[in-house]
Amino acid sequence: MTLNQQSTIELSAATARLCFSARSDVGSVRKVNEDSILAQSPVFLVADGMGGHAQGDVASQTVLRVFDEHIARDLPSTPERILDAIHSSNDAVRDLSAADDFGTAVSGTTLAGIAFVDAGDDVGYHWMVFNVGDSRVYTWTDGVLTQLSVDHSAVQEMVDAGLISMEDAEKHPERNVITRAIGADEFVDADVWLLPAHNEQSFLMCSDGLTKELDDVAIARVLATDIRSEGDERSIADQLVDEAIEHGGRDNVSVIYVESAFG
């Protein structure tokens with residue numbers, strides 16, 4: 001699945017212009033793509049169905065369906081509506097599992113994304129970043145790639161506790177164990193950030209199929225390279241997915257890249 005689109009959100013005293021590309025690929029090893037992506041203004045998200053679990057692909061697709069039902073297209077949403085969509089997604093994914101299911105029999109998915117929201121008269125327009133699991137949200141500003149989300153994973157907890165280094169985490173046998181997921185518990189605990197919308201901003205969302213193959217330095221190198229000057233018309237999302245597959249593509253790979261101009 002590949003998308004390359006532009007959209008405009010008309011506001012009372014300003015305009016938000018969005019240019020985005022998105023791609024989800026099964027990769028070189030897996031038989032089923034359990035990733036799903038939603039790239040439809042004002043919401044952009046990646047959901048990675050829990051590998052080895054029942055109906056991982058259905059779980060990630062369920063999140064997309066719930067968000068599409070909850071969020072009006074091409075209009076600013078609100079933080080409350082986004083949170084409601086997250087919690088409703090959790091309920092819907094939990095409904096996929098039987099009451100006596102446990103462990104790998106429980107359907108689940110990660111969720112990472114951004115939404116353009118109106119946070120109220122005194123707060124104004126913001127980008128709302130949200131995350132559950134180990135899919136990621138980055139910003140790309142002045143040539144610097146910054147990870148906004150924090151992985152909900154066993155190895156991240158070890159890194160935070162000073163037990164292992166980031167380098168060790170990339171090779172640790174528990175690197176695929178996540179500690180939070182949509183559908184895993186009755187109540188979902190999502191991390192949320194509000195970033196003021198201003199001037200030009202760029203965001204990258206991806207499943208761990210990208211970050212397993214490319215580290216942040218390699219991702220930044222792709223973002224900084226102007227391939228169009230060489231006649232290559234691939235989008236940012238296509239370039240990153242292609243790079244991940246060339247490096248092995250051991251997992252499903254999903255990428256959304258959003259450039260926004262506000263004013």
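A residue is buried under 20% relative accessible area, exposed over 50%, and partly exposed in between, with a 1.4 Å probe and protein chains only. The model is predicted: local features need pLDDT of at least 70, side-chain atom pairs count only at pLDDT 80 or more, and totals for chains, interfaces and linings use all residues. Residues are numbered from 1 along each chain as its sequence is written, and side-chain values use heavy atoms, with hydrogens and water left out.

Start with the charged pairs. Side chains of opposite charge can pair when their charged atoms come close. A salt bridge here is a side-chain nitrogen of Lys or Arg within 4 Å of a carboxyl oxygen of Asp or Glu. The structure has 14 of them.

One joins arginine 180 to aspartate 189, at 3.5 Å from N to O. Aspartate 189 is partly exposed, at 46% relative accessibility. Arginine 180 is partly exposed too, with a relative accessible area of 25%.

Next, take lysine 212 and aspartate 251. Their side chains form a salt bridge of 2.9 Å, N to O. This pair links distant parts of the chain, 39 residues apart. Lysine 212 sits in the loop between helix 5 (208-211) and helix 6 (216-224). Aspartate 251 sits in the loop between helix 7 (236-246) and strand 11 (253-262). Helices (H or I, at least four residues) and strands (E, at least two) are DSSP runs, numbered from the N terminus. Lysine 212 is partly exposed at 27% relative accessibility, whereas aspartate 251 is buried at 5%.

Arginine 234 and aspartate 242 make a further salt bridge, with the closest N and O atoms 2.9 Å apart. Here arginine 234 is partly exposed at 31%, and aspartate 242 is buried at 19%. Both belong to a network of salt bridges that links Arg23, Asp25, Asp232, Arg234, Asp238 and Asp242.

Now turn to the strands. Strand 10 covers residues 199-206. Six of its eight residues are buried, so the strand is largely enclosed by the rest of the structure. Two strands pair if DSSP finds at least two bridges between them. Strand 7 (residues 136-141) runs antiparallel to strand 10, and four bridges join them. Valine 137 has methionine 205 of strand 10 as its bridge partner. Strand 10 also runs antiparallel to strand 11, through eight bridges. There, cysteine 206 is partnered by valine 255 of strand 11. In a regular strand the side chains alternate between the two faces of the sheet.
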